[in-house]
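The following exercises concern a single predicted model. Please work through each task before reading its solution.

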Amino acid sequence: MSAEEVASYLRWREDVAEHDYAAASSYLSIRFGEIRAATVAAELRKLPVISRRANDILRATGRQPLPLSDPGVLKDLKKVLSGEKLSPVLVAEADIADGYHRVSLAYALDPYAVVPLKLGGVSAAL
């Protein structure tokens, strides 16, 4: 099965899985401290799910995609192949707060794959 064929199996949940907010808060607490992380995670909950291309998410956050051999990416690939829907990604403060493996998988299958996400903590330019 080619990457393009697998990419056609990418299915996404309509909303973020509850445990992903806790994971995002945990990650963000390392960067910003507990109080700011909790505030950002609470703000993310209120935002609508939008979508962006996998390559744009990685570029904007300054991240390189993880390889398909990464254990987390492989775990998500197994979910996709079994027909399970993936949770939208959480992006906050110009970083992937939760879902780095999911974005990397989408990118590996199709760099232009549309990935649902919640995008928070971005100030509008004046």
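**Exercise 1.** Which residues does L10 touch, not counting residues up to four places away in sequence?

*Solution.* Residues are numbered from 1 along each chain as its sequence is written. In this predicted model, local features need pLDDT of at least 70 and side-chain atom pairs pLDDT 80 or more, while totals for chains, interfaces and linings use all residues; side-chain values use heavy atoms, without hydrogens and water. Taking contact as heavy atoms within 4.5 Å, one finds that L10 touches V80, L86, A106, L109 and A113.

**Exercise 2.** Determine which residues of helix 4 are buried and where they lie around the axis.

*Solution.* Helices are DSSP runs of H or I with at least four residues, and strands are runs of E with at least two, numbered from the N terminus. Buried means under 20% relative accessible area, exposed over 50%, and partly exposed in between (1.4 Å probe, protein chains only). By this criterion A54, N55, I57, L58 and T61 are buried. They lie on the same side of helix 4 because they cover an arc of only 165° (from directions between the helix axis and the C-beta atoms). On the other side, R59 and A60 are exposed. Finally, the buried residues pack against strand 1, strand 2, strand 3, helix 6 and strand 4.
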